[in-house]
Amino acid sequence: MKAINKIFICLVLTALVIYSCDDEDFAGDNVYSGYSFVRFHLVLDGDSVPLEGGFNEYGRQTVDAYNHKLIKPGKIPVVLTSANELDGEITVDYTTSKTGDFTGYTQSPIGQLTFSRNKLIDTIIIDISERWDTSQVNQLQFELTDVSDPSVQIGSLNDYMPNNKLTFSFGKLTTTCTMPLNRIEIEGLAGESFDFDVDFPKGLFVSEVDGMNLFVSNDGFDYTLTQHPLKKGDTKVTYTLTLDENINNDDVYFESTLSLIEDLAYVPQGNKTLQIVKPIKVDRDKSTFPASNFYNLNDPYYRTYLEMWYYDEGDAVSEWKSSSQFTYPVVVGADDPNGVLYSDRGTPDDTSDDIYHHAYKLKFDSPNAGRTTNAFAMKSIFNNEYTDADKSPGFNIAEALEFYPKDGNNPNEGNVLVISQFLTISSKEDKSYTIGIKGSGTYHKVSEGLWEIVLTVKFTNDELWGGTQEVHYHMYNSRSYQDPDLLDVKGVTPVDL
């Protein structure tokens, strides 16, 4: 009977407080029976981050100590469970004591919380404005001390976890930054500009980033870089790069790079380098549309197939190793000179929502958010690699290959280039490597429905290869290919990250 009563009481509390009832509010024979009580209700998720708003997850217990490792405000819910219909406002007093000398925060409300029939949860907010010294112990100790309604008990209805006290510690703070883009192409006209972001996934302190230089640059042309204004709570910084000179010679390749500074308080992760490129321009007939031979958006799991010349250390022999990669078009704007209309979205009279694909470029990406594909079979080139996109975005390549039809208009064959860029790959120990890639090859139609690319890709990183490692590939749009001829060079050997 006691178990039935307890289930019923939990349901009543859920309706009153709009949060899930905790077993810890009950201990032994001390079952809720008409009492009202108020207590701290801080619950952590699987990453030890507080769940906001006083809500719980099944199986998770409230805590009486919390180690805050975030820039964003710390939020400490306090919950009132009332056995009776509340009439008017109830106030709860609390005290705060501190350890350490950190003062870069504000606390609200100070000293008193309020509750009513429509407000059974109030929250103490610790709003942080500057970085704290993690070599010192900095803590806030909170204690609920008094209630305006004498029928309300302070603390949960148990002796082992009353939740009338809570310790908030300022823990070890880890801050990171990354660039969502690793490559941008420009036309090369003076006054041309574009915006790009630096993301701070764990937040940023405005005082540390506002007006600060975040980049090491390798300038191949003159430009002006402008940081947009920042405000508290931002998790990204937007920059505008404006070209200060004309570099529109179609026969010359221009490049500048911006790389995140490694020794900042914000540790670079993921993409660290943005490449700004003015490529050589050549005349090509868009009707050849070679990129379209290597993707199929009607198949959500469409992929191209690779054979990589690989050295099998177990058998001590070089051989072709099979792999695949999810392959997609590169989407461009309607004004892109290389854009081909893919879809008018069923509204031929409204061109604002039209979708265009680049006639000559391919993208390698994962169909699953946060995951990666196996671009250029790189997961076979490395050992101990981290494969999620946040740490190893280089396994996805937003612009990977570019086609150049023979004589500019041959529909069946031509040359192909690996789009030169920098990729970031990380080890499982979070050590990241910036790897330069470039390469070239040919493509041709083998038979009806079957296309082949023959390609050599150069991967460059001094720490991994002492320079450059060449890798040979055959790439197909279908499984219906015959094995390539063997090569008379040693295949690639995996390296440890």
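So, R183: its bridge partner in β19 is Q275. R183's pairing there belongs to β12 and strand β19 (residues 273-278), which run in the parallel sense over three bridges. Strands here are DSSP runs of E, at least two residues, numbered from the N terminus, and two strands pair if DSSP finds at least two bridges between them.

Before I go on, this is a predicted model, where local features need pLDDT of at least 70, side-chain atom pairs count only at pLDDT 80 or more, and totals for chains, interfaces and linings use all residues. Residues are numbered from 1 along each chain as its sequence is written, and side-chain values use heavy atoms, with hydrogens and water left out.

Okay, back to the sheet. It's an open one of four strands, in the order β12-β19-β17-β14, with mixed pairing. β12 (183-185) and β14 (215-218) stand at the edges with a single partner strand each, so one side of each has no neighbour in the sheet. From one strand to the next, the twist averages 15°; that's an angle between lines fitted to C-alpha atoms, taken between N-to-C directions and running from 0 to 180 degrees.

Next, K272, which is in the loop between β18 (267-268) and β19. Is K272 buried or exposed? K272 is buried, because its relative accessible area is 7%; the cut-offs are under 20% for buried, over 50% for exposed, and partly exposed in between, using a 1.4 Å probe and protein chains only. Its side chain makes a polar contact of 3.5 Å with that of E262. By polar contact I mean a pair of N or O atoms within 3.5 Å; within protein, one must be able to donate a hydrogen and the other to accept it, and residues adjacent in sequence count only if both atoms are side-chain atoms. Leaving out residues up to four places away in sequence, K272 touches M179, L258, S259, T424 and S432, among others, with contact meaning heavy atoms within 4.5 Å.

Now compare S322, in strand β21 (residues 317-332). S322 counts as exposed because its relative accessibility is 53%. Beyond its neighbours within four places in sequence, S322 is in contact with L306, E307 and Y481. With E307, there's a side-chain polar contact of 2.7 Å.

The largest nonpolar core has 59 residues, and F142 and F196 have the most contacts inside it. A core here is a set of buried Ala, Val, Leu, Ile, Met, Phe, Trp, Tyr and Cys residues joined through side-chain atoms within 4.5 Å. Apart from that one lies another core, of 45 residues, including M308 and Y360.
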